[in-house]
Amino acid sequence: MKIRPHPRMTGIIIGDEVYSHPHKIFARVADIFPAAVCVKIGILSTEEPMEITQDPQLWRADDIENLSVCRYCGSREDIHTVIDTGIPFRVCSTCSSVADEPAPLPPLA
Ligand SMILES: [Zn+2]
């Protein structure tokens, strides 16, 4: 049986920043599976001595958004961060120029 990767998994590489909708946190991808990513979450222990440990978790592809690529076309070239919805995301200059362009004026009669 051939395992087909989840469509959202295409283009994700190790080190990408992903956002988990159910957990509402960001993390970096540590490992990649056909339909999930492994991320390491820093957890501060409440016992002495207080330490941050790295807790590996599996996040399903359905629950995550890759923030390291352009949200519209998936490009990694020339991307910048947009923060106006609460969740920052990245847009490449091609897609953002399309989005920013004012609607064309109707032709003069
Ligand atoms: Zn784009």
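Me: What makes domain 1 and domain 2 separate entries in the domain assignment, and where are their bounds?

Reply: The bounds come from an automatic or database domain assignment, and that assignment gives domain 1 as 1–68 and domain 2 as 70–101. The C-alpha centres of domain 1 and domain 2 lie 22 Å apart. Contact here means that the C-beta atoms of two residues, placed from the backbone, lie within 7 Å; by that test four residues of domain 1 touch five residues of domain 2.

Me: Good. What should I keep in mind about the numbering and the model itself?

Reply: Residues are numbered from 1 along each chain as its sequence is written. The model is predicted, so local features need pLDDT of at least 70 and side-chain atom pairs count only at pLDDT 80 or more, while totals for chains, interfaces and linings use all residues.

Me: How does the radius of gyration of the protein stand against that of a compact globule?

Reply: The radius is taken over C-alpha atoms, and the globule rule is 2.2 Å times the number of residues to the power 0.38. For 109 residues a compact globule would come out near 13 Å, but the protein has 18 Å. The C-alpha atoms fill a box of roughly 75 × 45 × 25 Å along the principal axes.

Me: Which strands form the open sheet, and in what order?

Reply: Two strands pair if DSSP finds at least two bridges between them. The open sheet has five strands in the order E4-E3-E2-E1-E5, with antiparallel pairing. Strand E4 (52–60) and strand E5 (64–66) are called edge strands because each pairs on one side only. Neighbouring strands are turned by 40° against each other on average, direction ignored; the axes behind that angle are lines fitted to C-alpha atoms, for helices over the stretch in contact, and angles run from 0 to 180 degrees between N-to-C directions.

Me: What makes E1 and E5 a pair, and how many bridges do they have?

Reply: Strand E1 (residues 17–20) and E5 pair antiparallel over three bridges, and the requirement is at least two, so E1 and E5 count as paired. Tyr19 stands opposite Glu65 in E5, and in E2 the bridge partner of Tyr19 is Phe26. E1 and E2 are joined by four bridges, as are E2 and E3. In E3, Val39 is the bridge partner of Val29, and Cys38 stands opposite Asp31. E3 and E4 pair over nine bridges, with Gly42 opposite Gln54.

Me: What makes a group of residues a nonpolar core, and which residues belong to the largest one?

Reply: A nonpolar core is a set of buried Ala, Val, Leu, Ile, Met, Phe, Trp, Tyr and Cys residues joined through C-beta atoms within 7 Å. The largest one has nine residues: Ile12, Val18, Ala27, Val29, Val37, Val39, Trp59, Ala61 and Ile64. Strand E2 (25–33) and strand E3 (36–44) are the elements that give two or more residues to this core. A second, separate core of five residues includes Val69, Cys70, Ile79 and Cys92. Across the protein, 15% of the 109 residues count as buried.

Me: Which residues does Val39 contact, leaving aside neighbours within four places in sequence?

Reply: Val39 is in contact with Val18, Ala27, Arg28, Val29, Ala30, Gln57 and Trp59.

Note on methods. A residue is buried if 20 or more other C-beta atoms lie within 10 Å of its own, exposed if 12 or fewer, and partly exposed in between; C-beta atoms are placed from the backbone.
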